[in-house]
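Please open the model in your viewer and keep the selection tool at hand. The stops below go from one selection to the next.

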Amino acid sequence: KTDVKIAVGGKSFMIYLPLTLTERLGYFKDAGLNVEITDFGSGTKSLQALIGGNVDATAGSFDHTIQMQAKGQPIVAVVETGRYPGIVLGLVTSKKLAYHSPKDLKGLKIGVTAPGSQTNFMVNYILTKNGMKPEDVSFIGVGGPTTAVAAVKKGEIDALSHADPAITQVELSGELTSIFDTRTTAGTQAVFGGEYPSSVMYVSPAFAEQNPNTVQAIVTATVRTLRWIAKSTPEEIAKAMPPEYQGKDPALYVEIVKKSKSMYPADGRINKAGAENAYQVLSAFDKAVAAAKIDISATYTDRFVDKALAAH
């Protein structure tokens, strides 16, 4: 199957940069694929597009592979493109909030990309881990980068749980003070107590079974991109991205790439300990996951990545 439809929930998010780069560098074409990428604007919608059979693959959150297994609708991750969540929780500086511990989040209006998204999950987990409940705060869906930055500037929210490119922009302008930052190994461990696979490419097990060569081509192209990212400078990466992503401030975009670069794995393999950690984290606040018997080994496969690495 050479014509492939891939869904993504927010193409301009840095966590999905490898997908855009694979397209821009022509690696999908080199692998014999004609790929059409549809941006559904949210991870929940891009997941639904796959479940509904409207797309062949989704660039989305590893969490979904666990949550859908709990619902009896299995999906399988075939390559990892983000090894840290890349989400930052910060306080809106203009609100002058006193913060000493997560207990001080109680009663705050917290902006997230969308309810039920990974940005929402992270705050849920921080609250749960600190003896609180998700209901102790008010979650407000602020959408993508532009609308998230506007919500901070207008003071519509007290705190923001979001990802780059929005975060670096409001950090550099001094409008947001970050308290949890999962763009690094140390930050991810501080929140999640270990490794945490973030963005992956996932497909239905049936699709992988019926179209192994198609999945192999997607993974081979993606692994090639991850290797290109590993050996390129932030400036080179920024230059390869669509000009509109850089907007009026190319130097700011280079800064954003710099902050994000360590999130991209060099080989695309999913770490077993990280996958198991994600399951523990979700079980803490997702009742459906906690109640289900989950087989973590069925949420991902490295066979396509192993083959791609062997070929290079």
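Select helix 3 (43–51) and helix 4 (63–70), each of which supplies at least two residues of the lining of the second largest pocket; helices are DSSP runs of H or I with at least four residues, strands are runs of E with at least two, and both are numbered from the N terminus. The model is a predicted one, in which local features need pLDDT of at least 70 and side-chain atom pairs count only at pLDDT 80 or more, while totals for chains, interfaces and linings use all residues. Residues are numbered from 1 along each chain as its sequence is written, and side-chain values use heavy atoms, with hydrogens and water left out.

Helix 3 gives the largest share of this lining, 4 residues, and the space in the second largest pocket is about 190 Å³. A pocket here is an open set of points on a 1 Å grid over the protein atoms alone, where a 1.4 Å probe fits, with protein on both sides within 12 Å along at least five of seven lines, and lining residues have an atom within 4 Å of a point. The volume is the space filled by probe spheres set on the points, which are joined across faces, edges and corners.

Phe 121 and Phe 285 form a tilted pair, 5.9 Å centre to centre with 40° between the planes; rings of Phe, Tyr and Trp (its six-membered ring) pair if their centres lie within 6.5 Å, and planes under 30 degrees apart count as stacked, over 60 as edge-to-face and the rest as tilted. This pair links distant parts of the chain, since Phe 121 is in helix 5 (residues 118–129) and Phe 285 in helix 14 (residues 272–285), 164 residues apart. Phe 121 is buried, at a relative accessible area of 11%, where buried means under 20%, exposed over 50% and partly exposed in between, with a 1.4 Å probe and protein chains only.

Now move to Asp 158, in the loop between helix 6 (145–153) and strand 8 (159–163). Asp 158 counts as buried, at 12% relative accessibility, and its side chain reaches the backbone nitrogen of Lys 109 at 2.8 Å.

Finally, select Thr 146, Pro 165, Gln 169, Tyr 245 and Leu 252, the closest to the centre of the largest pocket among its 16 lining residues. The volume of this pocket is about 370 Å³.

Conventions:
Polar contact = N/O pair within 3.5 Å; in protein donor to acceptor, adjacent residues only side chain to side chain.
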